[in-house]
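Visitor: I am new to this structure. Could you show me how to read a few of its features?

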Amino acid sequence: MDHLAASPDHAGDERFLNRELSWLDFNARVLELAEDASVPLLERVKFCSIFSSNLDEFYQVRVAALRDQVAAGVSTRSPDGRTPSQQLVAISQRVNELLHRQDELVMRLLLPSLATAGVRVLPWDDLDGDQAKELSAWYEARVFPVLTPLAVDRAHPFPYISNLSLNLAVAVRDPETGERRFARVKVPETLPRLVALSDGSGWVLLEEIIAAKLDTLFPGMEFVEHRPFRVTRNNDLSLEESENEDEAEDLLAAVEMDLRRRRFGRAVRLECDDRMSASLAELLLEELDLDPGDVSFHRAPIGLKGLFQLAVLDLPDLRDEPWPPVTPPRLAEAAEAGRSIFSVIRERDVLVHHPYESFADSVEELIRQASVDPKVLTIKVTLYRTSGDSPIARSLIVAAERRKQVVALVELQARFDEEANITWAKRLEQAGVHVMYGLVGLKTHAKCVLIVREDDDQLRRYVHVGTGNYNSSTARLYEDLGLMSAEPTLGNDLAALFNHLTGYSREHSYERIIEAPRHLRTRLLELIANEGAMGERGHIVLKANSLADPAIVEALYAASHAGARIELVVRGICCLRPGVPGLSENITARSIVGRYLEHSRIYRFANGAGPGKPEYFIGSADLMPRNLDRRVEILVSVDDPGQRARLDQVLAAALADDAPGWELGPDGGWSRRRPDAPYSSQRWLHETAQTPVRKAGERG
């Protein structure tokens, strides 16, 4: 393993790839799709916007945490051997490379291609007289009244710059005294970033309109310079421990307080127009307490998340062809026959694959029918991320109004969705839903529903366990799986889990689910070790969003060394180094980034606990320390042969020799597989869902 010697900038364990740099590699794959000329133009714009949005979140959370560690004098090394300071240096270098690529892409390719296609983003100076007059009138009516120029001098301190707000840094000179002053103008977030011209000739950036009309804000002053800039702040929510037991119990109030406090997080990044003078940039860095390494300069417009406004234009020729979801066949047949969804689940479990199969016609319909069914007595659900207009939350309200017992375990600390979850928690409580906020110190990330129904023959539990959130919006964009079942053992497991989450209980043994943080890590390590013990007969396939847990990585290395074949499909972070002789030569790692965000977790162990006993699991948990140790997670075993065959189908699509995607090499670099191949695993799965096999037992 001499070729894996430590690099000169840090001395560490080269068996592990750095978590943060691996995430940046994932975002680079998103950017690569934006650069791909075979992708429809507006979809490329969408991927460019997603790349920027991802990077914003990365700085608000991951970079902010590393900066806090540096400020606190923490020198603990990451598993790959880097200190927080060394990680920040490496992150800065990598991000600058990616931002340069993005700037080149936008300015040299995307904007000119959009203009050729009739979607023009016009500079103010390119407007004709009538267009400038139109936008000037719009500015006077809609923009000027909400602008507040903030000067900086001895009487006016430097203003607070809110997180991710777009601003103009304005340097003016008094023509009478010659005195030069700085002012800040915030670009209103309540107005569209791109303003459409009424003649349909194009759009103009809002900040350019404001910049062209600065004389209305600073009458009589001479303008030395005006440039856009943006600040990113620490925006992670971390509740402080309280010695007061009553305060600690009021999690709702604590989260609301921390959300208010979070607005004033420390600055971690400054983005500036590349034409900004050194003196103006130095002023901003000084006032924001940032170092020169914390600033990036851009040719393209700052905050390219705003390009999503163009990505959603109704221009079919510039978009992907629509892939409408289908209703799962058994559910569709039952609906046509006027039968309830409960009768279908009672006959046999239903496995649904979103968004190829409709979330609305399966999961939402299950809870909707439960809310109005007079035989349903109880509904219990975990809510991690909810959509703004959540049909599921509305169904829970209907159920509570009909005097059913309804319990919603709402996770208030779902990052960046805290406010939406607080809003729904309050609405649910007002409707009579029993709202719980989980266990102290643990996020509830498990995705499950338990419905108790008084059937004609007995009281029966119906359950849903999923890999994705109960969120209508993301269900159209995220690839996820869900199991609906009335199998008694699984019903008993979910009943015990909810009792544990909402009440007090001692250790409980589950039969069909594996629960974190108590059992999941141990059980996964056992399953991996069992495959290693099988030698060359051992075979593990893991599909997950992230693989970053050092103990899991070490176990996979050991199983590989023992001869087991290991295939990884990891969308995002992968800290394991595959294909290294003597360490991981039996491990391959792939990533799929495409039209849908790959989000399902499928864990397949070919021999399970012994020969001829394969085990399949789906669920909410990724292979990361936070999922295994600091969250309530569940994996559920999938036992039905037909449903296992469907899971094999999903895995085979991702692992096919002619499937495009990215592959991780022994050197830690990702390379794109068959970028020109006509095959697409997502397209194949879509087409398979559109032409389902309707024979009994062959489809979930």
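Guide: We will look at a pair of helices and then at a strand with its neighbours. Keep in mind that this is a predicted model.

Visitor: How do α16 and α17 pack, and at what angle?

Guide: Two packed helices are described by the angle between their axes and by the distance between those axes. Here, helix α16 (residues 520–533) packs with helix α17 (residues 550–561) at an angle of about 15°, and their axes are 8 Å apart. Angles under 35 degrees count as roughly parallel, so α16 is roughly parallel to α17. The crossing of α16 past α17 is right-handed.

Visitor: Which residues make the contact?

Guide: From α16 come Arg521, Leu524, Leu525, Ile528 and Gly532, and from α17 come Ala551, Ile552, Ala555, Leu556 and Ala559. Eight residues of this contact are nonpolar, one is polar and one is charged.

Visitor: Now the strand. Is β24 buried or exposed, and which residues lie on each side?

Guide: In a regular strand the side chains alternate between the two faces of the sheet. For β24, one side has Arg631, Glu633, Leu635 and Ser637, the other has Val632, Ile634 and Val636, and all are buried. Seven of the seven residues of β24 (residues 631–637) are buried, so this strand is largely enclosed by the rest of the structure.

Visitor: Which strands pair with β24, and in what sense?

Guide: Strand β13 (residues 443–444) runs parallel to β24, joined by two bridges, and Lys443 has Arg631 as its bridge partner. Strand β17 (residues 513–516) pairs antiparallel with β24 over four bridges, with Glu515 opposite Ile634. Strand β23 (residues 615–619) is also antiparallel to β24, through three bridges, and Ile618 stands opposite Val636.

Notes: Residues numbered from 1 in each chain as written. Predicted model: local features only at pLDDT ≥ 70, side-chain atom pairs only at ≥ 80, totals over all residues. Heavy atoms only, no water. Axes fitted to C-alpha atoms, helices over the stretch in contact; angles between N-to-C directions. Parallel < 35°, antiparallel > 145°, perpendicular 65-115°, else oblique. Left-handed = near helix turned anticlockwise from the far one by under 90°. Contact = heavy atoms within 4.5 Å. Nonpolar A, V, L, I, M, F, W, Y, C, P; charged D, E, K, R; others polar. Buried < 20%, exposed > 50% of the residue type's maximum accessible area, 1.4 Å probe, protein only. Pairing = 2+ DSSP bridges.
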